Amino acid sequence: MAYDEVTAERVRRVLRRRKYSETRLMGGLCFMVGGSMCCSISGRGGLLIRVDAGGYESALTEPHVAPMKMGHRTMRGFVRVAPEGYRTDQALERWVARGLEAAAACSPRSGTRARRKKST
């Protein structure tokens with residue numbers, strides 16, 4: 001499933017002054033900053049935004065925002081923003097800034113692999 005190229009270009013413009021990378025992931029396009037995912041353009045439509053633990057609940061109260069679900073699991077570190085929620089450049093910049101803040105708070109190796117310890 002293809003992601004929205006227009007939205008991808010808009011996100012690139014927001015991130016143009018930062019060092020970032022792009023990765024295709026799960027049918028979408030993921031934007032990585034400092035080794036952590038900032039946001040992703042979903043193949044199913046919408047924008048996935050990384051949010052910090054303290055901002056998750058408040059993000060869900062905003063218009064056009066829903067929990068990010070993978071199958072039956074809810075991914076509490078991310079929210080899905082419908083296209084209506086980032087229609088204007090100002091709204092998109094605000095959401096991407098939120099993702100940048102949350103990504104900056106993560107260490108690049110804070111994922112599951114970093115937490116696993118080898119058993120001896």
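These are my notebook entries on a predicted model of a protein of 120 residues.

**Entry 1. Overall make-up**

I began with the secondary structure and found four helices and six strands. Read from the N terminus, the elements follow the order α-β-β-β-β-α-β-β-α-α. I then looked up burial, and 38% of the 120 residues count as buried. The accessible surface of the protein is about 7800 Å², and carbon and sulfur atoms hold 52% of that surface. For the contacts with a separation of 6 or more, I noted that 52% are between residues 24 or more positions apart.

**Entry 2. The sheet**

Next I traced the strand order. The six strands make an open sheet, S1-S2-S3-S4-S6-S5, with antiparallel pairing. Which strands stand at the edges? They are S1 and S5; each has a single partner strand, so one side of each has no neighbour in the sheet. On average, neighbouring strands of this sheet are turned by 40° against each other, direction ignored.

I also looked up what packs on the sheet. Helix H1 (residues 5-15) does, and it touches S1, S2, S3 and S4. The direction of H1 makes about 5° with that of S2. Helix H3 (residues 89-105) packs on the sheet as well, in touch with S2, S3, S4, S5 and S6 (73-81). I recorded an angle of about 40° between the direction of H3 and that of S4.

I went through the bridges strand by strand. S1 and S2 are antiparallel and share five bridges. In this pair, Ser 21 is opposite Met 32 of S2.

S2 and S3 also pair in the antiparallel sense, again over five bridges. Here Cys 30 has Ser 40 in S3 as its bridge partner. The two strands form a hairpin with two residues between them, and Gly 34 in the turn shows a positive phi of about 60°.

S3 and S4 (residues 47-50) run antiparallel and are joined by three bridges. Cys 39 sits opposite Ile 49 in S4. The S3-S4 hairpin has five residues between the strands, and Gly 45 in this hairpin has a positive phi near 100°.

I checked the cover over S3 (residues 36-41) separately. Six of its six residues are buried. For reading this, I kept in mind that side chains in a regular strand alternate between the two faces of the sheet. Both H1 and H3 touch S3.

**Entry 3. Glu 62**

I then turned to a charged residue in a loop. Glu 62 is found between helix H2 (56-60) and strand S5 (65-70). Is Glu 62 buried or exposed? Its relative accessible area is 19%, and under 20% counts as buried, so Glu 62 is buried. What does Glu 62 contact, apart from neighbours within four places in sequence? I found Arg 94, Trp 95 and Arg 98.

**Entry 4. Met 26 and the surface patch**

Last, I looked at the loop between strand S1 (21-25) and strand S2 (28-33), where Met 26 lies. The relative accessibility of Met 26 is 61%, which is over 50%, so I listed Met 26 as exposed. Met 26 belongs to a nonpolar surface patch together with Leu 25 and Met 70. The accessible area of these residues together is about 290 Å².

Definitions and conventions: Residues numbered from 1 in each chain as written. Predicted model: local features only at pLDDT ≥ 70, side-chain atom pairs only at ≥ 80, totals over all residues. Heavy atoms only, no water. Patch = residues over 30% accessible without salt bridge, like charges linked within 9 Å, V, L, I, M, F, W, Y side chains within 5 Å. Areas by Shrake-Rupley, 256 points an atom, 1.4 Å probe, with all protein chains shown as cover. Salt bridge = Lys/Arg side-chain N within 4 Å of Asp/Glu carboxyl O. Buried < 20%, exposed > 50% of the residue type's maximum accessible area, 1.4 Å probe, protein only. Contact = heavy atoms within 4.5 Å. Pairing = 2+ DSSP bridges. Axes fitted to C-alpha atoms, helices over the stretch in contact; angles between N-to-C directions.
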